[in-house]
Amino acid sequence: CTQLRVPTDAVEAALPTLFLRGLVIEDEGDLYVPPLHRAERRVANLLATLARTRKLPAGADAAVAAALDGSPLSETQRTAVGASLTTGLMVLTGGPGTGKTTTIKAVVAAHRALGRRVVLCAPTGRAAKRMTEATGHEAKTVHRTLEWNPALARFQKYDDDPIDAELILVDEASMLDVRLAERLFL
């Protein structure tokens, strides 16, 4: 209210009507418009499911060794590569110059050494281009990865036709809005 310079009393007076009409939902003290509330809840559930997924593909140790052979990776980076093979969800974070790009290259190499299909994407064209340059593998925008069709105003990749990959690596994921994240994680 303060940021938009809307009088608080006017909003408080309107809320009961908005709740009755189903135009606003309150959840744990936060207010949402229904589509964003559904998307946020769905993303949380999808991420929780991915995080619980554990897998260890046959030959994983050999793939990691081959991918890391001669790589100047730290122990933390090596652990991250191994974790990418055994868990359904992983977040790689760090400040500038901490080795994220080197780690990503090793993750891609390890998965490809196992013959796994890898898809690289990012929310923006610029981030996708940087990812392509850094890894030597094509990266697309999330919209291109999900095959956005402007004529139909929908994504072609959906529940019944998911992205064909065992690893989907998303760079700059913090830039995803909740509705796009929902589509990507389905």
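R117 is found in the loop between α5 and β3 of this predicted model. With a relative accessible area of 39%, R117 is partly exposed. Leaving aside residues up to four places away in sequence, R117 touches D164, A165, E166 and L167.

- R117 and I104 are separated by 13 residues in sequence, and their C-alpha atoms lie 15 Å apart in space.
- The loop that holds R117 runs between α5 and β3; helix α5 covers residues 100-113, and strand β3 covers residues 118-122.
- One of the contacts of R117 is L167, a residue on the covered face of β7.

**The sheet β4-β3-β7**

- Three strands form an open sheet in the order β4-β3-β7, and their pairing is parallel.
- β4 (139-141) and β7 (167-170) are the edge strands; each has a single partner strand, so one side of each is left without a neighbour in the sheet.
- Direction ignored, neighbouring strands of this sheet are turned by 30° against each other on average.
- Between β3 and β4, which run parallel, there are 3 bridges.
- Between β3 and β7, also paired in the parallel sense, there are 4 bridges.

**Helix α5 and the faces of β7**

- Helix α5 (residues 100-113) packs on the sheet and touches β3 and β7.
- The direction of α5 makes about 170° with that of β7.
- In a regular strand, side chains alternate between the two faces of the sheet.
- β7 has a covered face with L167 and L169, whereas I168 and V170 belong to its uncovered face.

**Helices α2 and α8**

- Helix α2 (residues 34-52) packs with helix α8 (residues 178-185) at an angle of about 40°, and their axes are 9 Å apart.
- The two helices, α2 and α8, are therefore oblique to each other.
- The crossing in which α2 passes α8 is left-handed.
- On the α2 side, the contact consists of P35, L36, A39, E40, R42, V43, L46 and L47; on the α8 side, these residues meet V178, R179, A181, E182, R183 and F185.
- By class, this contact of α2 with α8 holds 9 nonpolar and 5 charged residues, and no polar ones.

**E182 within the α2 and α8 contact**

- E182 lies in helix α8 and is among the residues that meet α2.
- Is E182 buried or exposed? Its relative accessible area is 10%, so E182 is buried.
- Not counting residues up to four places away in sequence, E182 touches A39, R42, V43 and L46.
- These partners, A39, R42, V43 and L46, belong to the α2 side of the contact.

**Helices α3 and α4**

- Helix α3 (residues 60-68) and helix α4 (residues 75-86) have axes that come within 10 Å and cross at roughly 140°.
- The crossing of α3 and α4 is right-handed.
- A60, V64 and L68 in α3 meet R78, V81, G82 and L85 in α4.
- The residues of this contact of α3 with α4 comprise 5 nonpolar, 1 polar and 1 charged.

**Two residues with positive phi**

- R5 is found in the segment before α1 (8-20).
- Phi of R5 is near 55°, which is a positive value in a residue other than glycine.
- R5 counts as exposed, at 78% relative accessibility.
- A153 lies in the loop between β5 (148-149) and β6 (154-155).
- For A153, phi is near 55°, again a positive value in a residue other than glycine.
- A153 counts as exposed, at 53% relative accessibility; the cut-off for exposed is over 50%.

Key:
Residues numbered from 1 in each chain as written. Predicted model: local features only at pLDDT ≥ 70, side-chain atom pairs only at ≥ 80, totals over all residues. Heavy atoms only, no water. Axes fitted to C-alpha atoms, helices over the stretch in contact; angles between N-to-C directions. Left-handed = near helix turned anticlockwise from the far one by under 90°. Contact = heavy atoms within 4.5 Å. Nonpolar A, V, L, I, M, F, W, Y, C, P; charged D, E, K, R; others polar. Pairing = 2+ DSSP bridges. Parallel < 35°, antiparallel > 145°, perpendicular 65-115°, else oblique. Buried < 20%, exposed > 50% of the residue type's maximum accessible area, 1.4 Å probe, protein only.
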